[in-house]
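Colleague: Before we discuss this predicted model, may I see the sequence and the structure?

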Amino acid sequence: MSWSISWVDPDGVETLLTNPPYLKVLRDKRGISGPPFNPITQGIPLKPGSFLKSVDVDDNEMDLTLVVNGTNESDLWNRLSSLVNVFNPLRGDGILKVTPPHGMQRELVCRSISGFRVNESSIRFTSARVDLVFHANNPYWRSSQIYTQSASITGNPPQWFPIFPLRLGGDAVVSEFTINNTGHVETYPTWVIQGPGQNPKITNLTTGEFIGINPVFLLTLGSTDTLTIDTENRIVQDQSGAGYLDILDFGSSFFTLAPGSNTIRVEMANATTGSSINLSYRLLYLGVV
């Protein structure tokens, strides 16, 4: 199976970069296999070498060299002109989609920081070489698929489908279930809690982190109300857009799903058969391999 590489501009228009004879990738220079890593070290007094404190991940860059072909000289220049704005970095981030020979497509949110840089010395009668540099502030590649999981609460008797065990804590329905993050690194989930219920709390028992409403306050969700917790963008808001960051419980964090198995506990008081929680996330990878 051959490589497939395409660019989705900020308006959502997709351009296939591996579609000869008009666009053809010559070579992948850097960035497809993974982002740059840097050791964070601290010197050891009176001893050679250093102590490794952590490993930092820098912004990712990926370079592509393309050949743009036309049927004649006029057609070539028309094609070059049509592509200039497609790769204009002033328009914002786009998505680089890469499908390597193993067939699993992965995406990198980035922008063509170089713009549409034509190598003038390479221009021939019907072809020209273009050097593109894509810059990603978030260095990780993501799955093209958004993974979802849903669970509903029934209140008489209280159950949380489809996974047990289920426990009761005071008047709150409590359930635990498992999410398997098969990506290379931690990923940020988005939770959408559907009422009715009061003061929901979500805990990742694998990491010990949680997010919930401070018991001093009372957040009541009606049967048509939702509470969205976007951990990547650090947003907690209801269906009207009202924010609730100021009433989060002390110690709450916008926790991630660690690589591997994650045991999640969800608690919500006064839940009924109409109450539910919905989870969505993408898998994140170091590269496309």
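**Strand pairing and salt bridges**

Colleague: Which residue in β5 does Pro 39 stand opposite?
Modeller: Strand β4 covers residues 37–43 and strand β5 residues 50–57, and the two pair in the antiparallel sense over seven bridges. Within this pairing, the residue opposite Pro 39 in β5 is Val 55.

Colleague: Which residue in the turn of the β4 and β5 hairpin has a positive phi?
Modeller: The hairpin leaves six residues between β4 and β5.

Colleague: With which side chain does that of Asp 93 make a polar contact?
Modeller: Asp 93 is in the loop between α1 (73–84) and β7 (94–99). Leaving aside neighbours within four places in sequence, Asp 93 is in contact with Pro 10, Val 109, Cys 110 and Arg 111. The polar contact, at 2.9 Å, joins the side chain of Asp 93 to that of Arg 111.

Colleague: Is Asp 9, which forms a salt bridge with Arg 91, buried or exposed?
Modeller: The closest N and O atoms of Arg 91 and Asp 9 are 3.6 Å apart. Arg 91 has a relative accessible area of 25% and is therefore partly exposed. Asp 9 has a relative accessibility of 6%, and the cut-off is under 20%, so Asp 9 counts as buried.

Colleague: How many residues apart in sequence are the parts tied together by Arg 142 and Glu 107?
Modeller: Arg 142 forms a salt bridge with Glu 107, with the closest N and O atoms 2.9 Å apart. Because Arg 142 lies in strand β11 and Glu 107 in strand β8, the pair ties together parts whose separation in sequence is 35 residues.

Definitions and conventions:
Residues numbered from 1 in each chain as written. Predicted model: local features only at pLDDT ≥ 70, side-chain atom pairs only at ≥ 80, totals over all residues. Heavy atoms only, no water. Pairing = 2+ DSSP bridges. Helix = DSSP H or I, 4+ residues; strand = E, 2+ residues; numbered from the N terminus. Contact = heavy atoms within 4.5 Å. Polar contact = N/O pair within 3.5 Å; in protein donor to acceptor, adjacent residues only side chain to side chain. Salt bridge = Lys/Arg side-chain N within 4 Å of Asp/Glu carboxyl O. Buried < 20%, exposed > 50% of the residue type's maximum accessible area, 1.4 Å probe, protein only.
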